[in-house]
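I'm going through the surface first, then the inside, and jotting things down as I look them up.

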Amino acid sequence: MENVTIFKHPLIQHKISHLRDKETGTNEFRRLVEEIAMLEGFEALADLPLKDKEIETPIEKCITPVLAGRKLALIPILRAGLGMVSGMQALVPSAKVGHIGLYRDESTHEPVEYYCKLPDPIDERQIVVVDPMLATGGSAADAISMIKKHGGKKIKFMCIIAAPEGLKKLHDAHPDVQIYVGHLDRCLNDAAYICPGLGDAGDRIFGTK
Ligand code: PRP
Ligand code: URA
């Protein structure tokens, strides 16, 4: 699938295995989500544009590359996406952070919007939407539609675990968006949870269950 990267890196795979384990407690879960976000982000941001800048080292003047253009916009989908923000900020501390609030209706599994606050202006920024779970794909597809309505154009989506159904839905809805997946799982169950997955990411990050 064009515009889709499924990571193979052993460190990402190893950390995802720990994340899945039901014995992994909240503190470690949060730390792993942060580390995986950083490892994935390092790869996903490999095409950030650079420009030359003149600086003076203690030895001499030189022309050296720095990030070009407007600051990156990092947009977590609430709640679980928040867990990936600190790992990405470690890579790009200057990133602006927007928030999109969506939750899945428990019976229909359709996303319900409750919040949207994005960096302004958004149109020229490289945008990275983060959410650990891509299940039916409804939340990510809706979040990206909201961002496009506000003028967002250059959009990447980064998740930790995806179901094939969600990956297809997101890619079909937004073929222009570059999608990064830590691991592609087997399928969804009847409750639209990813199998084998890791359970409810928001609850495991925030200790709410
Ligand atoms: C989870 C997850 C995604 C969504 C994925 O959030 O963080 O946002 O489900 O499912 P989908 O691909 O089927 O839309 P949830 O709705 O549980 O909300 P929460 O983060 O507030 O717990
Ligand atoms: N949201 C989660 O947190 N986990 C899933 O498996 C599916 C949606």
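Surface first. I find a nonpolar patch of about 340 Å² made by Y103, Y114 and Y115. My patch rule takes residues with over 30% relative accessible area and no salt bridge, joining like charges within 9 Å and nonpolar side chains (Val, Leu, Ile, Met, Phe, Trp, Tyr) within 5 Å. A salt bridge here is a side-chain nitrogen of Lys or Arg within 4 Å of a carboxyl oxygen of Asp or Glu. Areas are Shrake-Rupley with a 1.4 Å probe, and for residues only the protein chains shown count as cover.

Ground rules: this is a predicted model, with local features needing pLDDT of at least 70 and side-chain atom pairs pLDDT 80 or more, while totals for chains, interfaces and linings use all residues. Residues are numbered from 1 along each chain as written, chains are lettered from A and ligands numbered from 1 in the order written, and side-chain values use heavy atoms, leaving out hydrogens and water.

Y114 sits in strand β7 (residues 111-117); helices (H or I, at least four residues) and strands (E, at least two) are DSSP runs numbered from the N terminus. Y114 counts as partly exposed because its relative accessibility is 43%, given that buried is under 20%, exposed over 50% and partly exposed in between.

Next, helix α1 (residues 10-20). Which of its residues are buried? I get I12, K15, I16 and L19. They cover an arc of only 105° around the axis, so they are on the same side of α1; the arc is taken from the directions from the helix axis to the C-beta atoms. Their cover includes α2 (26-44), β10 (154-162), β11 (178-184) and α6 (201-206), with contact meaning heavy atoms within 4.5 Å.

Then the largest nonpolar core, where L19, V128, M158 and I160 touch the most other members out of 34 residues. A core is a set of buried Ala, Val, Leu, Ile, Met, Phe, Trp, Tyr and Cys residues joined through side-chain atoms within 4.5 Å. α2 gives this core its largest share, six residues. Among the contacts of I160 I note I16, L19, V33 and I36. Apart from that core lies another, of 26 residues, including I100 and A143.

Last, two loop residues. Y193 is between β12 (187-188) and β13 (194-195), and touches R104 and D200, among others. H174 is in the loop between α5 (164-173) and β11. H174 counts as buried because its relative accessible area is 4%; beyond four places in sequence, its contacts are A141, I144, S145 and K148.

Technical notes: Buried means under 20% relative accessible area, exposed over 50%, partly exposed in between (1.4 Å probe, protein chains only).
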